[in-house]
Amino acid sequence: MSLLAGGCASVPRSPRILEMPRVQESPLQKQLNALPPIEGNKITIAVYSFADKTGQRKTVDAYASFSSAVTQGADSWLIDSFRLAGSGKWFQVVERASLDNLIKERQLIAQTRESFFGKDAEKLSPLLFAGIIAEGGIIGYDTNILTGGAGASLLGISGSTQYRKDVVTVSLRLISVQTGEVLVSTAVTKTITSVALSGNLFKFYEHGVTPAESELGLTANEPNTIAVRSAIDQAVIDIIHQGAKTGLWKFVVTDNNQQKQAK
């Protein structure tokens with residue numbers, strides 16, 4: 001009974017936060033902010049979805065997993081990347097991912113105003129419309145494209161390492177709302193690396209009677225979500241540079257830009 005009481009007393013009554021939450025910043029935020037500003041007004045752009053088109057599921061040997069291998073909310077990353085471009089001086093992003101909810105809320109406001117103030121109630125201002133739609137998605141997720149390892153053992157002391165590489169591919173294109181023409185498009189790939197390190201020690205002491213054994217292991221896996229976000233950020237950067245080359249828009253020329261181009 002005393003052992004049971006002691007064991008119950010050692011269990012913490014409230015959960016402890018081992019690591020405090022932190023704000024998730026874009027992996028390429030500095031590159032996005034460093035883009036030269038656009039010449040003229042911001043571009044109003046709409047993002048409806050950025051879906052997972054791979055159909056990949058997480059690989060589990062023991063059972064069938066229905067969890068997707070990549071994130072299903074990549075449109076949030078794409079919206080954030082557009083908003084960060086040029087420190088917010090490039091795009092004016094309008095809400096389209098939750099358009100149904102937005103329309104319902106506007107209808108609720110309009111009906112409430114009409115109920116209290118009649119037909120002369122103040123009307124809601126019209127929604128902004130976009131001249132360009134961003135389309136695309138996660139189009140590829142290839143696992144185990146490269147695997148390998150190395151190891152060595154000497155006098156009971158051994159060490160080994162193993163690694164694996166996966167690849168995720170995203171596609172992004174900008175479409176003109178007036179004509180339906182694809183203005184610019186790009187595809188970006190990002191590798192996802194996993195590394196495992198292990199070490200072993202096995203020795204006999206006291207004339208080979210007493211054995212001693214020790215093991216040490218470490219595994220590091222690059223998060224898939226961060227890799228997808230990095231690929232999306234790079235796609236936005238590439239789209240902006242492509243548009244400047246084809247004459248869709250122009251960069252504001254500054255002394256710093258001229259110096260970089262000269263180098």
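Me: What links F82, W90, F91, W249 and F251 into a cluster?

Reply: Ring pairs link F82, W90, F91, W249 and F251. Rings of Phe, Tyr and Trp (its six-membered ring) pair if their centres lie within 6.5 Å; planes under 30 degrees apart count as stacked, over 60 as edge-to-face and the rest as tilted. The model is predicted: local features need pLDDT of at least 70, side-chain atom pairs count only at pLDDT 80 or more, and totals for chains, interfaces and linings use all residues. Residues are numbered from 1 along each chain as its sequence is written, and side-chain values use heavy atoms, without hydrogens and water.

Me: How many aromatic pairs does a search of the whole structure find?

Reply: The search finds four.

Me: Why is the pair of F82 and F91 called edge-to-face?

Reply: The ring centres of F82 and F91 are 4.9 Å apart and the planes stand at 65°, so the pair is edge-to-face. Both F82 and F91 are buried (under 20% relative accessible area; exposed is over 50%, partly exposed in between, with a 1.4 Å probe and protein chains only).

Me: What makes W90 and W249 an edge-to-face pair?

Reply: Their ring centres lie 5.6 Å apart with planes at 75°, so this pair is edge-to-face. W90 is in the loop between α3 (74-84) and β3 (91-95) and W249 in the loop between α5 (224-246) and α6 (255-262), so the pair ties together parts 159 residues apart in sequence. Helices (H or I, at least four residues) and strands (E, at least two) are DSSP runs, numbered from the N terminus.

Me: Why is L218 called exposed?

Reply: L218 has a relative accessible area of 55%, so the residue counts as exposed. L218 lies in strand β7 (residues 210-221).
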